[in-house]
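Here's a quick briefing to read alongside the model. Have the viewer open and follow along.

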Amino acid sequence: MAALLGLMSLGMVLRNLIKGLRVRQGSKAFEGIRWWKLILVLCTLVGYGIAFETFGFGICTFLLMVLLLGVIGRKKGWITLAVSLIIAISSYLIFVVLLGAEFPKGFLGI
Amino acid sequence: MLEYVVYGFQVALQPENLLYCFIGVFIGTLVGVLPGIGPIGTMSLLIPVTFRLPPVGAIIMLAGIYYGTQYGGSTTSILVNIPGEASTVITCLDGYQMARKGRAGPALGIAAFGSFIAGTISIVGLIFVAYPLSKAALKFGPPEYFALMCMGLVVLTFLTIGSMYKALMMALLGLLISFVGLDFFTSTPRFNFGFIDLLDGVGIVPLVMGLYGIAEILNNLESSMDREIYETEIKGLLPTLQDWIVAKWAILRGTIIGFFLGVLPGGGAILASFASYAIEKRVSKYPEKFGTGVIEGVAAPESANNAAAQAAFIPLLTLGIPPNVIMGILFGGLLIHNILPGPFLIKDHPDVFWGVVMSMYVGNAMLLVLNLPLIGIWVKVLKVPYYLLFPLILLFCLIGVYSVNNSIFDIYLMILFGMVGYLLPKFGFEPSPLALAYILGPILESSLRQSLSMSRGSFTIFFSRPISLACWLVVVSLLILQMFPHFLKKKISIMNGSKV
């Protein structure tokens, strides 16, 4: 019974959501949005969460920066790599070494 | 009273606290200048950092960020027509026009001096109101607290730009989220859907960081990342005598409006700046010139937002009720340090109360120095490209949210609230009622249940006590007012700062 009520509520929510979207097609709320960027950012953040404990803070931060700067920021390869490396190293030094934050070390120990 | 003020200055002027105050106002100005991250995101980001600080220093720093952003936000509004903060949106109208006419210096000057004057008057008001209010609040029992918080939520939803019904829905959703976790009377798990991580409830940091930090970045990324930075020459930061003559009443009116709207639940700096601009336009002899670069159009909202930022501390420090989301974060920050804001704060922790209040005065003086002679530095900060800024903000969000409980689950929660915070405004829903209701939820629930225990289950307890009854009358009046379309139109025009 509860599941049925839940499904019905979900159906109503979806119906209204689609209706709302249709109504707003004339308005500017969803105009010109670069969805791929938003989806990529969200996927990158989820990926960071998934990989954080396995790969450790250092590597994950570096990969996060490469993705955000290179793919979304569309910077040149060497700039992306250099900036990502600088950010990863400096954030490791500030948060782990200086502030003593406890982050997962991953298989490489960083 | 004077001895408390002296004591407050003694606490605030300790080298350690001076440093925290400086860090706070510096970060506040920086965040105010940089569009893309606001005070709410920054404060929630820094909450984990404050765990290791002494309580007075932590709150002085967090408070500094809040009123610092009010100063910093005006710089971008005036120089590049991009509001650094929501509370400085209205400053763009006349501030940028003044800059285009070559009067960027006086605009920045009047914004900083106006903020300083408003801040000073507001602190004096805070000192005189807070002490008697906290004495009166000692007479408050759970029914009064419950009624007061319900009133706060209804006032917040009433003042929200847009539909009140949608705001009420958001407030209810916020309350629901606050109920997740163990019931604090019976220790029964509630709404955790089998997730062990949710037994402690939804944390304030993932919720606020998601709703404001991540959502803000998604909003900025949805369109082009290129920002046009104009080259503006700034000369003569001191307003002329004529400017002062024209702006002095605007500053005073802005301060008074800001002070009273800041104390109101849900009021805060944003509403104060819009309302003061609208009123300034109404009382002006030349309303048609507003928007073309009149100095009152800068002085009034800038004074109002700073006065409101400081007045907002009154309900938090005296009643223990945060009037807006930012005060809610400070409320959380105080609780983390085992300090319960409320009527007992002045008696139990005079160092926190008087130290924080007096640090605001010190902070205002620091901000005056930071914002006028160092304006060139902030203009350079504006040129930091967003493609470099947003990955850093995202990284800080991830690190900040993880370090609270060392929990990956909190990262996922933050992402979820980020998506929610991004989509809600698209459908006309404001996230602020949700966040404030979530913060007030636990106190609201415990007050309700304590009241009902006192009355053995009878709801008449809420209507038989005068303070509680008065609050309910306000709630009913606001809900009835909402039904009149004429009044609604007037409210919308005031919020938009137009047609008044």
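How many salt bridges are there between chain B and chain A? The count is zero, where a salt bridge is a side-chain nitrogen of Lys or Arg within 4 Å of a carboxyl oxygen of Asp or Glu. Keep in mind that this is a predicted model, where local features need pLDDT of at least 70 and side-chain atom pairs count only at pLDDT 80 or more, while totals for chains, interfaces and linings use all residues. Residues are numbered from 1 along each chain as its sequence is written, chains are lettered from A and ligands numbered from 1 in the order written, and side-chain values use heavy atoms, with hydrogens and water left out.

**The interface**

- On chain B, 32 residues are in contact (heavy atoms within 4.5 Å) with 38 residues of chain A.
- The two chains, B and A, bury about 3,000 Å² between them, with 79% of that on carbon and sulfur atoms; buried area is the accessible area (1.4 Å probe) that two parts lose on being put together, summed over both.
- One residue pair, both at pLDDT 80 or more, is in polar contact across the interface of chain B and chain A. The rule asks for a pair of N or O atoms within 3.5 Å; within protein, one must be able to donate a hydrogen and the other to accept it, and residues adjacent in sequence count only if both atoms are side-chain atoms.
- Helix 9 (204-221), helix 18 (386-405) and helix 19 (408-426) of chain B are the elements that give two or more residues to its side touching chain A. Helices here are DSSP runs (H or I, at least four residues), numbered from the N terminus.
- Helix 18 of chain B gives the most to that side, with 12 residues.

**Aromatics**

- Over all chains, the search turns up 28 aromatic pairs, meaning Phe, Tyr or Trp rings (the six-membered one for Trp) with centres within 6.5 Å.
- Tyr4(B) and Trp354(B) are stacked (planes under 30 degrees apart), because their ring centres are 5.3 Å apart and their planes at 5°.
- That pair joins helix 1 (residues 2-12) and helix 16 (residues 350-371) of chain B, 350 residues apart.
- One aromatic cluster brings together Tyr48(A), Phe52(A), Phe57(A), Tyr92(A), Phe103(A) and Tyr402(B).

**Around Asn17(B)**

- Asn17(B) sits in helix 2 (residues 15-33) of chain B and is buried at 3%.
- A polar atom of the Asn17(B) side chain lies 2.8 Å from the backbone oxygen of Val11(B).

Notes:
Phe/Tyr/Trp six-rings, centres within 6.5 Å; stacked < 30°, edge-to-face > 60°. Buried < 20%, exposed > 50% of the residue type's maximum accessible area, 1.4 Å probe, protein only.
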